[in-house]
Amino acid sequence: MSTHRNSTSLSPLVMVVGISLILGVHWPILAQDGTAGATSADGVAAATSYSEPPEVSSYEAEREDQFLSNTRQLITDSLRSGEGYFSADGSQFIFQSEVAGDNPFYQIYVRDLVTGDTNRVSPGIGLTTCSWIHPTLERVMFSSTHEDPDALKKQAEEISVRESGVDRPYGWDYDHHYEIYQADADGSNVVNLTNSTGYDAEGSYSNDGSKILFASNREAYSRSLSQAEQRLFDDDSSYFMDLFIMDADGSNVEQLTHSPGYDGGPFFSPDNSKVVWRRFNPDGNSAEIWTMDIDGSNQRQLTSDAMVAWGPYYHPSGQYIIYSSNLLGHANFELFMIDTEGANAPVRVTSTEGTDILPVFSPDGSKLAWSTTRTPDGTSQIHMGDWNHERALELLELD
């Protein structure tokens with residue numbers, strides 16, 4: 001969950017971001033300008049020109065039931081929920097949830113998918129996000145600000161503002177108190193893995209549990225900034241966000257990207273050889289899906305729509321990637337999929353009214369879970385459905 005930030009003269013795309021941030025999504029502050037920029041660092045940071053999204057008919061809107069069946073709301077005892085991931089054996093699900101109480105921000109919970117038992121594993125103080133279950137050990141990982149000395153004060157302030165009924169644009173706060181932590185499966189023995197000034201979050205384990213990918217703007221805190229850089233930082237600190245990799249105990253940290261603009265949301269490929277992530281262009285007005293080798297080489301741009309494509313996740317087969325995009329209109333986030341080489345056009349997955357984001361597959365590839373506002377009251381809740389892998393292969397021309 002994030003804190004609110006006031007802004008003025010918001011562009012239409014910023015307003016879309018405001019809507020989507022009720023889901024606990026991480027966004028930079030976007031530019032007012034409708035064109036996308038380019039950079040020479042790490043190749044082109046995003047599409048080099050703006051174009052209107054294609055007609056809906058180009059993506060055959062009535063197609064969701066070909067991919068998803070038995071769709072149901074997974075989390076039902078939450079004010080809102082989002083961003084969840086399966087354990088390696090598929091028996092548990094870790095997610096962020098907002099519940100009634102003295103902390104208005106998301107905390108991290110683990111649900112047993114067999115019994116339905118749910119337990120909080122984060123400290124309960126401050127903000128949390130981006131959780132994961134270790135694939136081989138009885139351990140969890142998440143990002144949290146619970147060691148912020150002002151955490152309780154910020155909670156009280158947020159409750160006061162919400163109770164006032166004042167409408168505010170929503171903006172993710174890249175709080176420099178965010179650190180990545182590991183804990184035992186029950187939430188005990190919390191250990192700080194990052195210990196660095198700056199926003200450290202968006203962590204994910206490799207499939208053998210030996211490595212962690214994450215996003216951080218720590219580099220901007222570690223050196224003196226030029227006047228121009230300081231202005232960029234003050235406007236939006238996510239401009240300095242890059243991807244890093246480290247050992248699971250927090251040692252041997254290596255920076256993988258060095259691109260102006262926000263690189264974030266990294267995940268390993270099923271064989272641990274690749275990384276998929278979202279890259280915002282330097283102006284922050286569009287994002288595309290990229291892949292690279294785990295050493296940062298062979299960076300490859302898969303989408304080029306000059307819209308906002310993000311939240312990518314590999315199917316366990318390693319043959320394709322699912323992600324969310326507002327390609328069909330600024331206020332319409334749907335799920336799409338694309339082959340891992342980007343050789344063919346993306347295929348639309350969802351068509352139900354509501355915002356569909358943050359899709360993840362179960363370890364055997366038979367189920368899809370994602371965050372969506374397709375609920376009766378329009379709040380974000382995690383849903384899950386049975387996934388038709390064979391149909392996906394057919395429509396992606398991979399069979």
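Predicted model: local features only at pLDDT ≥ 70, side-chain atom pairs only at ≥ 80, totals over all residues.
I started at serine 216, whose side chain meets that of aspartate 200 in a polar contact of 2.5 Å. Residues are numbered from 1 along each chain as its sequence is written, and side-chain values use heavy atoms, with hydrogens and water left out.

Still on serine 216: I also found its side chain at 3.3 Å from the backbone oxygen of tyrosine 199. I placed serine 216 in strand S11, residues 211–216. (Strands are DSSP runs of E, at least two residues, and helices are runs of H or I, at least four, numbered from the N terminus.) Why did I log serine 216 as buried? Because its relative accessibility is 1%, and buried means under 20% relative accessible area (exposed is over 50%, partly exposed in between; 1.4 Å probe, protein chains only). Skipping neighbours within four places in sequence, I listed its contacts (heavy atoms within 4.5 Å) as Tyr199, Asp200, Phe240, Met241, Asp242 and Phe244.

Next I looked up serine 97, which sits in strand S3, residues 92–98. Serine 97 counts as buried because its relative accessibility is 4%. Its side chain makes a polar contact of 2.6 Å with the side chain of serine 78. Not counting residues up to four places away in sequence, serine 97 touches Ser78 and Arg80, plus Ser81, Phe105, Tyr106, Gln107 and Tyr109.

Then I zoomed out. I counted six helices and 24 strands in the chain. Of its 399 residues, 55% are buried. For contacts between residues at least 6 apart in sequence, 53% join residues at least 24 apart.

Last stop was the largest pocket, with about 370 Å³ of space. Which of its 20 lining residues are closest to the centre? I wrote down Trp132, Asn207, Tyr313, Phe361 and Pro363. Strands S6 (128–133), S14 (263–268) and S18 (309–314) are the elements that each give two or more residues to the lining. (Pocket: on a 1 Å grid over the protein atoms alone, an open set of points where a 1.4 Å probe fits, with protein on both sides within 12 Å along at least five of seven lines; lining residues have an atom within 4 Å of a point.)

Definitions and conventions:
Polar contact = N/O pair within 3.5 Å; in protein donor to acceptor, adjacent residues only side chain to side chain. Points joined across faces, edges and corners; volume = space filled by probe spheres on them.
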